[in-house]
Amino acid sequence: MTIADLYSMMPLIVIAMAPVVMMIVISILRNYEVIYGFSVLAFIVAFASLFFTGSFLPRSIEPLLIVDVYSLFFLGIIIASALLVTILSHDYIGTLGGVKEEYFLTLFTSTLGASLLAVAGHFVIFFLGLELLSVSLYILVAFQRSKDTSVEAGIKYLLLASVSSAFLLFGMALIYTGTGTMQFAGVASLLKGSDAIAGFVSVGFSMMMVGIGFKLALVPFHMWTPDVYQGAPAPVSAYIATVSKGAVMAVLIRFFFDIRGYDSRFFFVVISALAILSMFIGNLLALKQQNIKRLLAYSSIANMGYLLVLLLTGTDKGIQAAVFYLISYFVTTIGAFGVITLLSISREETEKIDDYRGLFWTRPWAALVLTLSMLSLAGIPFTAGFIAKFYLILEGMKAGLMLLIIVMIINSVIGLYYYLRVITSMFTPGDDAGLPAISLNGNMALVLITLGILILGIYPGWLINIITRLVSL
Amino acid sequence: MNFFFYLAAAIALISTIMAISGRNAIHALLNLIISLLAVSVIFYLLDAPFIAALEVIIYAGAIMVLFIFVTMMLNIGTEKKIEKRWLNPRVWIVPSILAALLLVDFILIINGLQIPEPVDETLNTKQVGISLFSTYVLAVEIAGILLMAGVIGAYHLGSQKKKVTHRFLKK
């Protein structure tokens, strides 16, 4: 390993060092504000180091990692989202009793896992990154030991994620049996010779899809999603919906494009089926939800279904659209969960849609952000979600995926119903149900998110330019 | 030669099925140990003695024994009754027979019956160590962080405010 290799891994090294340093700090002085400040600082340093890393790219650290501009982009999205989640968590976690500094430590280890997925070029890193992410998430989901729903969600996530990891690992082993290599590039070059994926390898790919489908909460592997989102602390739900899914998407896109999965009939059928099922079932089950966290859980299932369409385009433009979609989805989802987090106290979350009745009259600012997030998720013009969907449909049409695009448009209409239901609830008269005041910290995060949604919705050109110039595989 | 493989594989299958269908936790764990031992014999047959040893030491040895201890310590009820239940032959007779069969299988294998020539040259411990600390050193470091995350989680989730004293430590 050369010094340039180390430089190119700078963001990862910063994120890996942070929890170690934090543990030393905790052993000397256990202070919530100090640890919080340090985490924010460390995430900012990690983000800044991305620009420094840029000059050493692309670089592949044989045989495990591939650090290129594509992975750098995902690292940026992941670190920025983790930073936003950290800021939003401050008040929520601060009101918990007992020791709570471990929250930030685990946030760093899980972010490291997610970042590893973005740079993975080998099954070993793929699996270790996923496990690091999952193990940290078990802790985060069950972080509130005293709350029954939180522990229930933790156990559910633990059991199901372990089973899905086992599937993934078995799939990797079968592919290794068939091809004799665990590097993405190696698997790809061996498959290129043969047209059909057969035998061990095809079973292996199917099992890997089960594991990945679980992490992305695609139908029919979605059962855990609503319960875990509901039981987990609200900022952690935001984290699962964004960072965890985005990272798995990053590795899925890289692997899928490496092996040219879009050319294979087998993958085409499997991915299309998963996408169509996720869109329909995610949206239909969201219609009658009374709990906003469950609603967002189903909405995230549907959104991952939309994203799968771009996998099948098989072009660089498709990847660029996917990156843009993920950025806008991240901003929007963190916005929605952010409002929920800031209006909740850790013991009693404000999670029923009825709790938001009259919010517009009592808390116009919070209501505005939540309204914007919902409009963006629904894909209304002048929000980030509209441009993202527009871009997605454009690329899908170019690739001739008419059926999937039609299904997606039908589902966008279904989605409108439940997103607007949240908004109408906020505008119906009601009284202030004693929601907590939003601190300066939280307001800053909300301002950032609002600006993000609006800028991406009104003037997305600069970001699309950057993405099209830089991102490709 | 194949006979030894099939015997070990059959033992692995039977004990695994019994492990997942057993209602008694101790039952299931004993069967699981047998299953892991059988897998380790299969590894040995495949000319991978290092992995076979690891399987025995880590899975059957450390993890499963820990499981059994925890299950035994957490069992609630008067000690006499539990002891009687554990000494009941129904609990240990099947795992013991399977273990004995496995032992016979293993002794026959190492006693002169030659192992088929491996496809590649045998991987020895030294090579495993060298590749872990050169090519895959990053993976080892990440595994270290993974363990750290586990320890932090165990510490956080394990430290409760509610004091629960173990029944042996009471009084």
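**Helix packing and chain contact**

Helix α2 of chain A, residues 10–28, has 19 residues and should span 27 Å at 1.5 Å a residue; its end C-alpha atoms are 27 Å apart, so the two values agree. The structure is a predicted model.

In α2(A), the buried residues are A:P11, A:L12, A:V14, A:I15, A:A16, A:A18, A:P19 and A:M22. The cover over these buried residues includes elements of both chains: α3 (32–53), α4 (69–94) and α5 (102–119) of chain A, and α7 (137–158) of chain B.

The contact between the chains involves 23 residues of chain A and 18 residues of chain B. On the side of chain B that touches chain A, 11 residues are nonpolar, 6 are polar and 1 is charged.

Within chain A, helix α12 (residues 265–286) packs against helix α13 (residues 292–311), with axes that come within 8 Å and cross at roughly 155 degrees. Because angles over 145 degrees count as roughly antiparallel, α12(A) is roughly antiparallel to α13(A). The crossing of α12(A) and α13(A) is left-handed. From α12(A), the residues in contact are A:I271, A:L274, A:A275, A:S278, A:M279, A:G282, A:N283, A:L285 and A:A286. They meet A:L295, A:Y298, A:S299, A:I301, A:A302, A:M304, A:G305, A:Y306, A:L308, A:V309 and A:L311 in α13(A). The contact of α12(A) with α13(A) comprises 15 nonpolar and 5 polar residues, with no charged residues.

Methods
Residues are numbered from 1 along each chain as its sequence is written. Chains are lettered from A and ligands numbered from 1 in the order in which they are written. This is a predicted model: local features need pLDDT of at least 70, side-chain atom pairs count only at pLDDT 80 or more; totals for chains, interfaces and linings use all residues. Two residues are in contact if their C-beta atoms, placed from the backbone, lie within 7 Å. Ala, Val, Leu, Ile, Met, Phe, Trp, Tyr, Cys and Pro count as nonpolar, Asp, Glu, Lys and Arg as charged, and the others, Gly among them, as polar. Axes are lines fitted to C-alpha atoms, for helices over the stretch in contact, and angles run from 0 to 180 degrees between N-to-C directions. Helices (H or I, at least four residues) and strands (E, at least two) are DSSP runs, numbered from the N terminus. Angles under 35 degrees count as roughly parallel, over 145 as roughly antiparallel, 65 to 115 as roughly perpendicular and the rest as oblique. A crossing is left-handed if the near helix is turned anticlockwise from the far one by less than a right angle, and right-handed if clockwise. The expected span of a helix is 1.5 Å times one less than its number of residues. A residue is buried if 20 or more other C-beta atoms lie within 10 Å of its own, exposed if 12 or fewer, and partly exposed in between; C-beta atoms are placed from the backbone.
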